[in-house]
Amino acid sequence: MQIVVNGEAQEILSDCTVFQLLKNQAVTLNATVVEHNGKILKQEYWQGTPLQAGDRLEILIFMGGG
């Protein structure tokens, strides 16, 4: 099925959750914020939130540095 991640179309498995998608993309979970269909999704809900065709995700990863 197809979803949109950070403005780009992406094919994923039909039984994928937000958490699985992040793990598959090797995202650093502790420094990440996810917006799911226009709403911030708390990290405690990532594992229980299944993705559906047409969903839109914005994944923001905070990085330290100078």
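**A guided reading of a predicted chain**

The secondary structure of this chain, in a predicted model, comes to 1 helix and 5 strands.

Visitor: In what order do the elements of the chain run from the N terminus on?

Guide: The order is β-β-α-β-β-β.

Visitor: Why is Gly48 called exposed?

Guide: The relative accessible area of Gly48 is 64%. A residue counts as exposed when this value is over 50%, and therefore Gly48 is placed in that class.

Visitor: Where is Gly48 found?

Guide: Gly48 belongs to the loop between β4 (39-41) and β5 (56-61). The C-alpha atom of Gly48 is separated by 8.1 Å from that of Phe19, although the two residues are 29 residues apart along the chain.

Visitor: What makes the radius of gyration of the chain agree with that of a compact globule?

Guide: For 66 residues, a compact globule would have a radius of gyration near 11 Å. The chain has 12 Å, so the value agrees with the rule. Along its principal axes, the C-alpha trace spans about 40 × 25 × 20 Å.

Visitor: What share of the residues of the chain count as buried?

Guide: Of the 66 residues, 32% are counted as buried, the cut-off being under 20% relative accessible area. The chain exposes about 4,600 Å², and carbon and sulfur atoms supply 50% of this area.

Visitor: How many positive and negative side chains does the chain have?

Guide: There are 4 positive and 7 negative side chains. The centres of these two sets lie 8 Å apart.

Note on methods
Residues are numbered from 1 along each chain as its sequence is written. This is a predicted model: local features need pLDDT of at least 70, side-chain atom pairs count only at pLDDT 80 or more; totals for chains, interfaces and linings use all residues. Side-chain values use heavy atoms; hydrogens and water are left out. Helices (H or I, at least four residues) and strands (E, at least two) are DSSP runs, numbered from the N terminus. The radius of gyration is taken over C-alpha atoms; the globule rule is 2.2 Å times the number of residues to the power 0.38. Buried means under 20% relative accessible area, exposed over 50%, partly exposed in between (1.4 Å probe, protein chains only). Accessible areas come from the Shrake-Rupley method with a 1.4 Å probe; for residues, only the protein chains shown count as cover. Lys and Arg count as positive and Asp and Glu as negative; His and the chain ends are not counted. The place of a charge is taken as NZ of Lys, CZ of Arg, CG of Asp or CD of Glu.
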